[in-house]
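Here is a short tour of one chain, meant to be read with the model open beside you. Please have the sequence to hand as well, and follow along topic by topic.

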Amino acid sequence: MPAPDKPAGGTAEETFPAVVVIDDTGAVTGWSRAAEELFGYRAADVLGRSCAPLLIPPVTPGDREARVATWAARFGDQERWSGLLEARHRDGRQLLIRVSGSRLRTPEARAAWLLCMTPATAEEPGRAADLLEPLINHSPVAMAIWDRDLRCVWLNSAAQELHDVFPHYEIGRSLRDPIPGIDVEAARDAMSRVLSEGIPMIDREARWTAADGSAQLTLSTSLFRLDGVDGLPLGVCSLALDISRSRARDRLALLREASIRIGSTLDVTRTAQELADLAVPVIADYVTVDLAESVLPDTEPLQRLAGSEARIPVFRRAGVASVHDGVPESLWPRGQAVFVPPSSPFTEVLSSGRSHFEPLLDTSSGTWLDEDPARAEIIHGTGMHTLIIVPLAARGEILGVTVFVRNDNPAAFTKDDLILAEELVARAALSLDNARQYTRERTAALALQRNLLPRNLSGGDAVDVASIYLPSDTHEGVGGDWFDAIPLPDSRVALVVGDVTGHGINAAATMGQLRTAVRTLTYMGLPPDELLGHLDDLVVRLTEEDAGADGFPLGPTGATCLYAVYDPATRRCTMATAGHPPPALVDPSGVVSFPRPPSGTPIGVGLGSFGSLELELAEGTLIALYTDGLIETREADIEAGIDRLGAALAGAAVPLESLCGTVIDIMLGGTPSEDDIALLVARTR
């Protein structure tokens with residue numbers, strides 16, 4: 001079959017498809033000049049012979065004939081069909097071919113097919129014929145075809161533009177070819193898996209950085225296998241879309257970051273500031289977080305502040321952020337009362353619980369801004385032009401409002417911006433409410449515990465005493481640590497320190513019960529071991545009485561305790577412990593020891609087995625009782641903490657009032673305490 005003459009300056013491969021005719025047996029009956037140039041065979045070499053030798057390995061004759069039979073079975077009764085196939089040049093080179101078949105009727109009425117074949121790759125990247133070039137070369141999606149050796153055989157214009165970041169986007173380069181500084185292991189493994197399993201991989205996020213660091217891109221990549229007309233895999237097609245500047249991705253990233261950054265502490269004002277900082281400049285140029293007084297219980301009530309008919313104090317500013325240094329848009333700094341007109345959108349949002357969305361901020365006369373000239377002046381002076389106000393709502397209660405404004409960014413807020421702002425504020429509102437509830441409970445627990453602890457310790461005529469209590473900053477509330485010094489008849493004194501299980505207001509209340517019980521039992525004159533036994537029985541009975549319907553206790557169920565009685569007449573000190581760390585004794589020469597009374601179980605276990613230890617103390621001996629928060633850390637066990645305490649107490653000759661603070665400073669080393677700390681020190685007279 002003769003081919004048209006070539007145009008001047010061109011080639012048959014560039015201008016015409018290769019045309020081949022085969023009959024129903026697979027024998028070649030027509031062979032064009034373009035086919036000769038594509039495959040390297042002359043017409044005399046192939047006419048009348050099977051087309052099977054043109055196929056790529058598997059190379060056994062049986063495999064070739066089977067693949068020809070597969071084509072005939074799939075397309076033999078179709079008028080037209082198309083697909084990809086692998087072929088080989090006469091010199092052995094591998095070719096990826098796009099083939100279009102049309103059914104022919106010969107004079108002998110035998111079936112035959114006219115095959116138009118176009119290479120899926122050419123010397124010039126992107127010059128693939130009949131592959132919808134106008135469409136795919138204008139697509140923002142980088143498309144590439146990789147053969148079974150993961151060698152790039154075709155790519156579109158968008159893929160060529162990624163060459164600097166991903167050098168393997170180059171005709172003839174394989175992912176198996178190493179390039180210094182370029183890690184393609186993950187991409188190579190993914191393509192190999194798709195090639196072998198045939199399961200597409202959709203929307204895999206990949207980050208590529210140029211070797212010189214000049215470009216950083218985030219790509220959404222998808223892979224799917226290409227199968228030939230015989231059903232066997234030919235290679236993989238990759239699709240990559242640059243999502244580095246994707247608004248949807250940025251918004252998801254913002255919400256992910258919000259879940260990490262907002263509410264990092266259980267502090268109301270810090271949480272509000274985290275919200276403002278996160279929203280600038282991603283959503284707005286200027287953001288404020290204004291809270292109702294119920295969320296900030298320690299501040300002066302807003303009702304006491306003087307208002308006017310035009311403006312009333314409604315919020316307190318808890319968070320503020322701006323793209324401008326010094327936040328020139330804000331009339332009030334953090335912590336100050338925020339005044340608004342009763343008819344303003346701020347109060348409307350607070351009362352309705354619905355967001356206010358004003359893409360074009362109306363600053364004309366006759367609006368609510370007439371009643372708020374100070375705010376109007378700021379709006380005009382800073383160029384505010386678009387506004388969103390979102391209520392901070394959590395668990396059915398409005399906690400305040402968050403205001404989003406743009407002045408530098410000329411774009412007006414859209415509905416998408418409103419949705420993002422509402423989602424962000426909703427997440428922050430839960431964190432704010434958690435912080436508020438924590439603050440309330442902690443404040444109540446602290447007040448309760450401080451009222452239950454002794455305010456004026458007295459060691460009578462037996463000892464001089466001092467104490468310190470330090471609540472932890474790392475728990476949901478204060479704990480149940482307590483201490484006491486109880487003067488007794490005959491100039492004796494009882495010293496006690498204890499630690500209730502758990503934290504919060506329930507632990508503080510239980511502590512108050514135990515302290516009262518210990519005082520009552522002390523006045524009965526019981527020795528230390530018997531006193532702890534009676535205290536254990538009492539806690540067991542209280543636990544049983546207060547148990548819920550399921551039989552489990554509703555609050556803290558146990559405590560540790562160390563109880564000691566010192567008699568100055570005999571200089572004898574008798575002590576017993578219920579699962580508590582040992583006391584520290586510092587003799588007048590500065591030597592520190594930690595006597596170990598017989599080990600007893602914690603209070604509330606119900607075993608009630610306690611023993612006593614009796615010691616003689618010299619005049620001027622220091623006794624230190626403490627809770628485990630002083631000696632226990634995540635990095636070291638209790639024994640290591642006891643050794644550190646011994647070093648802190650060694651040679652302690654300073655006044656008792658100063659000693660407590662000095663010991664705390666040494667033990668904590670300037671870091672926050674991981675647990676509540678109670679320390680009681682006494683020096684014998």
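Let's begin at strand β8, residues 201-209, where Asp203 is found. This is a predicted model, and in it Asp203 has a phi near 55°, a positive value in a residue other than glycine. Asp203 is also exposed, because its relative accessible area of 52% is over the 50% cut-off.

**Confidence**

- Across the chain, the mean pLDDT is 82, and 84% of the residues reach 70 or more.
- Residues 1-14 have pLDDT under 50 throughout, and the model gives this stretch 19 contacts beyond four places in sequence.
- Residues 122-131 likewise stay under 50 in pLDDT, with 22 contacts beyond four places in sequence.
- Where pLDDT is low, predicted coordinates should not be read in detail.

**Backbone details to look up**

- Val327 sits in the loop between β12 and β13, and its phi near 50° is a positive value in a residue other than glycine.
- Is Val327 buried or partly exposed? Val327 counts as partly exposed, because its relative accessibility is 23%, which falls between the cut-offs of 20% and 50%.
- Val280 and Pro281 are joined by a cis peptide bond, with omega about 0°.
- Pro281 itself belongs to the loop between α9 and β11.

**Helix α9 against helix α12**

- Two packed helices are described by the angle between their axes and the distance between those axes.
- For α9 (residues 268-279) and α12 (residues 415-452), the angle is about 165° and the axes are 8 Å apart.
- The two helices are therefore roughly antiparallel to each other, since angles over 145 degrees count that way.
- Their crossing is right-handed.
- On the α9 side, the contact is made by Val268, Thr271, Ala272, Leu275, Leu278 and Ala279, which meet Leu424, Ala428, Ser431, Leu432, Ala435, Arg436 and Thr439 of α12.
- Sorted by class, this contact has nine nonpolar, three polar and one charged residues.

**Helix α12 against helix α13**

- Helix α12 also packs with α13 (residues 505-523): their axes come within 8 Å and cross at roughly 10°.
- How are α12 and α13 oriented, parallel or antiparallel? They are roughly parallel to each other, because an angle under 35 degrees counts as such.
- From α12, Glu441, Ala444, Ala445, Leu448, Gln449 and Leu452 meet Ile505, Ala508, Ala509, Met511, Gly512 and Arg515 of α13.
- By class, the α12 and α13 contact has eight nonpolar, two polar and two charged residues.

**Helix α10 and its surroundings**

- In α10, which spans residues 345-352, the buried residues include Pro345, Phe346, Thr347 and Val349.
- Which elements do the buried residues of α10 pack against? The strands are β12 (312-322), β13 (337-340), β14 (356-358), β15 (386-394) and β16 (397-406), and helix α11 (373-382) is a partner too.

- Thr288 has its place in strand β11, residues 286-291.
- With a relative accessible area of 3%, Thr288 is buried, because that value is under the 20% cut-off.
- Beyond four places in sequence, Thr288 is in contact with Arg317, Gly319, Val320, Val401, Thr402 and Val403.
- Met191 lies in helix α7, residues 185-197, and counts as buried at 4% relative accessibility.
- Leaving aside neighbours within four places in sequence, Met191 is in contact with Trp146, Leu150, Leu175, Leu223, Val236 and Ser238.
- The C-alpha atoms of Met191 and Arg225 are separated by 8.6 Å, while the two residues are 34 residues apart along the chain.
- Asp499 is placed in strand β19, residues 493-503, and counts as buried at 13% relative accessibility.
- Residues up to four places away aside, Asp499 touches Gly480, Asp481, Trp482, Gly558, Ala559, Thr560, His580, Thr627 and Asp628.
- Asp481, one of these, is 18 residues from Asp499 in sequence and 4.3 Å away in space, C-alpha to C-alpha.

How values were computed. Residues are numbered from 1 along each chain as its sequence is written. This is a predicted model: local features need pLDDT of at least 70, side-chain atom pairs count only at pLDDT 80 or more; totals for chains, interfaces and linings use all residues. Side-chain values use heavy atoms; hydrogens and water are left out. Helices (H or I, at least four residues) and strands (E, at least two) are DSSP runs, numbered from the N terminus. Buried means under 20% relative accessible area, exposed over 50%, partly exposed in between (1.4 Å probe, protein chains only). Contact means heavy atoms within 4.5 Å. pLDDT is the predictor's confidence in each residue, from 0 to 100. Axes are lines fitted to C-alpha atoms, for helices over the stretch in contact, and angles run from 0 to 180 degrees between N-to-C directions. Angles under 35 degrees count as roughly parallel, over 145 as roughly antiparallel, 65 to 115 as roughly perpendicular and the rest as oblique. A crossing is left-handed if the near helix is turned anticlockwise from the far one by less than a right angle, and right-handed if clockwise. Ala, Val, Leu, Ile, Met, Phe, Trp, Tyr, Cys and Pro count as nonpolar, Asp, Glu, Lys and Arg as charged, and the others, Gly among them, as polar.
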